[in-house]
Amino acid sequence: MKLKSLATIAAIAAAGASLLGTAPAFAQAKEQFFPGLPYRTGPFGPNGTPWANGYADYLKLVNAKGGINGVKIVYEECETGYDTARGVECYERLKGKHGGATLFQPLSTGITFALTDKAPIDKIPLITAGYGRSESTDGNVFKWNFPLTGTYWDAADILVQHVGKKEGGLDKLKGKKIALVYHDSPYGKEPIPLLEERAKQLGFALQLLPVTHPGVEQKATWLQIRQNRP
């Protein structure tokens, strides 16, 4: 997990370096503002806290080594608690500070959906590393969304490929049943379009089993799994 987080942060820093190196206004700046939308609180706080701490420390390290091409980073956070409305409020609060935000990492699929319409207007890139809107990989449509390290659709297709391999080939999935147990939220629903398309292509029956937030009570869901034997 630490290695993955560091790799993601390094990719984001590289993206920031690219922005700084290509835009004339950025090249002349002495500092650039990287806002943070962490979630140290709320039901996902145990996951969000180490990421947020690591990201803040990494930016301190970058500054200690002279910044990005000599440009120092200004960092300021606004706690979202992984809440979409709060995330939008934080975005509006931070986007114009310290000379304007260089980029935003929503760190939430719900917040990403909410900010996708705002990004082209404000001309602020959205970086989503392994989450967010899967269809935003089409840069002709989503020109201000930059998904890194794969999407939910990638992950769902990898799972289908894995099941197919275990069954002896994707053609062997015809007539089979595959169930998706998912968190009933924007990020949980993201794999569904890909799996529905794959079900049509390969001929398997797709069963969708939502788990209500925060996901603690799953007894009824797994009872359906035992009964249907996907």
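Tutor: Thr 112 is buried, because its relative accessible area is 0%. Buried means under 20% relative accessible area, exposed means over 50%, and partly exposed lies in between (1.4 Å probe, protein chains only). The model is predicted, so local features need pLDDT of at least 70 and side-chain atom pairs count only at pLDDT 80 or more, while totals for chains, interfaces and linings use all residues. Residues are numbered from 1 along each chain as its sequence is written, and side-chain values use heavy atoms, leaving out hydrogens and water.

Thr 112 sits in helix α5, residues 109-116. Helices (H or I, at least four residues) and strands (E, at least two) are DSSP runs, numbered from the N terminus. Set aside the neighbours of Thr 112 within four places in sequence. Thr 112 then has contacts with Pro 106, Leu 126, Thr 128, Tyr 131, Gly 132, Arg 133 and Asn 145. Contact means heavy atoms within 4.5 Å.

Now look at Ser 108. Its backbone oxygen lies 2.7 Å from a polar atom of the Thr 112 side chain. Ser 108 also uses a side-chain oxygen at the start of α5, which comes within 3.3 Å of the backbone nitrogen of Gly 110. A polar contact is a pair of N or O atoms within 3.5 Å; within protein, one must be able to donate a hydrogen and the other to accept it, and residues adjacent in sequence count only if both atoms are side-chain atoms.

Widen the view to the whole helix. Six of the eight residues of α5 are buried, so the rest of the structure largely encloses it. The buried ones are Thr 109, Gly 110, Ile 111, Thr 112, Leu 115 and Thr 116. Their cover includes helices α4, α6 (119-122), α7 (152-167) and α8 (186-189), plus strands β3 (126-129) and β4 (145-148).

Take α4 next. Two packed helices are described by the angle between their axes and the distance between the axes. The axes of α4 (residues 84-94) and α5 come within 8 Å and cross at roughly 50°. Axes are lines fitted to C-alpha atoms, for helices over the stretch in contact, and angles run from 0 to 180 degrees between N-to-C directions. α4 and α5 are therefore oblique to each other. Angles under 35 degrees count as roughly parallel, over 145 as roughly antiparallel, 65 to 115 as roughly perpendicular, and the rest as oblique.

Which residues meet where α4 and α5 touch? From α4 come Thr 84, Gly 87, Val 88 and Tyr 91, and from α5 come Gly 110, Ile 111, Ala 114 and Leu 115. By class, this contact has five nonpolar, three polar and no charged residues. Ala, Val, Leu, Ile, Met, Phe, Trp, Tyr, Cys and Pro count as nonpolar, Asp, Glu, Lys and Arg as charged, and the others, Gly among them, as polar.

The loop between α4 and α5 holds Gln 105. Gln 105 is buried, with a relative accessible area of 5%. Its side chain makes a polar contact of 3.1 Å with the side chain of Tyr 55. His 98 is found in the loop between α4 and α5 too. His 98 is partly exposed, at 39% relative accessible area. Its phi is positive, about 50°, although His 98 is not a glycine.

Last, step back. The protein has 10 helices and six strands. Of its 230 residues, 40% are buried.
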